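This briefing concerns a metal site and the strands around it. Please view the sequence and the structure together.

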Amino acid sequence: WAKGDGRGRWAVYDPERSARDSAAAALAAGLPLALERDEFTVHYQPIVALSDGTVCAVEALVRWQHPRLGLLGPDRFIGLAEETGMIVPLGRWVLEQACRDGSRWAREYPDTPLVVSVNLAVRQVSDPGIVTAVGAVLRDTGLPPKLLQLELTESAVMATSGEPVRSLRRMAALGVRLAIDDFGTGYSNLAYLRRLPIHSLKLAGQFVESLRSGDPQALVDERIVDALVRLAHALDLSVTAEAVETGGQADRLRVLGCDTGQGRLFGAPVPAEEITARLGGRDRSTTSAAG
Ligand code: C2E
Ligand code: MG
Ligand code: MG
Ligand code: MG
């Protein structure tokens, strides 16, 4: 029957839903072997300074090169990995891979330091071994701590109290940057900004979406972005806008004082080699990639 809906109703058997559930169960069951067989890969999306288009960071985004289903995006399997606990070893693998790539870029292109930004799931943040793990990965890969940023969602932050808060403080003490991901879409209990050493806010794409002329939603969203940027700057936090797709959006965000932007306008997530190629090219600006 329909579980947990609290209404005690018998659900009608729905073959489509049941197929979806068993497909998800099969994917979830395949996660441990996939990790063992090295089927995951990390793509990187540039984060650029809105003032001059310089790439200052990249976000690490995991993909699963599934032997039968092809390249799967994280929305297909991260939730499953969180439910099964596989997110802890998978997240650790992503962190290692990202720090290894970041360390190589830092060595080969010392004049153009790139911050590598890695997403942390709730389960990872509340894992008591997280600080030791981050410290070990930094030591093993040689990535300078200031070139690592960890992205936490508001729900991850809200789920932290006690020990996890100490973990986040200890990670900040290592010199690692902390960012709030999808800012403005979670519980937005701003109290955490007072008790956590956060360095930046990533404005959720939904506030960026309407920032183009002619959209009736634009005025409201402009005011929201304006207020959030002021809040961030008043607290000495930098602001990254997510899902920037058009030049018009980038122009508005720049006028509103956003520091950095990320989105298809500046480049989609790409394999590490493509970031390397871009760093090796003389032109580090995004003008040639955008379009
Ligand atoms: P996120 O951290 O908010 O990452 C940004 C998402 O926006 C990425 O989706 C990116 O591909 C997508 N995006 C890029 N440019 C544009 C654009 O111009 N417009 C729009 N609308 N979207 C754009 P992706 O790669 O599918 O990742 C989805 C989510 O999966 C991420 O959202 C993140 O929450 C999660 N995720 C990805 N990798 C990891 C990981 O290693 N660990 C954990 N815990 N979560 C991860
Ligand atoms: Mg993120
Ligand atoms: Mg985000
Ligand atoms: Mg997200």
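The model is predicted, with local features requiring pLDDT of at least 70 and side-chain atom pairs pLDDT 80 or more, while totals for chains, interfaces and linings use all residues. Residues are numbered from 1 along each chain as its sequence is written, chains are lettered from A and ligands numbered from 1 in the order in which they are written, and side-chain values use heavy atoms, without hydrogens and water.

**Metal site**
- Donors are N, O and S atoms within 2.8 Å of the metal (3.2 Å for Na, K and Ca); water is not among the atoms, so sites may look incomplete.
- D181 coordinates both the magnesium ion (ligand 2) and the magnesium ion (ligand 3), which are 3.9 Å apart.

**Accessibility**
- E151 is buried, at a relative accessible area of 1%, whereas N119 is partly exposed, at 28%.
- Buried means under 20% relative accessible area, exposed over 50%, and partly exposed in between (1.4 Å probe, protein chains only).
- In strand β6 (residues 177–183), five of the seven residues are buried.

**Strand pairing**
- Strands (E, at least two residues) and helices (H or I, at least four) are DSSP runs, numbered from the N terminus; two strands pair if DSSP finds at least two bridges between them.
- β5 and β6 pair in the parallel sense over five bridges, and T153 has D181 in β6 as its bridge partner.
- β6 also pairs in the parallel sense with strand β7 (residues 200–203), over three bridges; F183 has L203 in β7 as its bridge partner.
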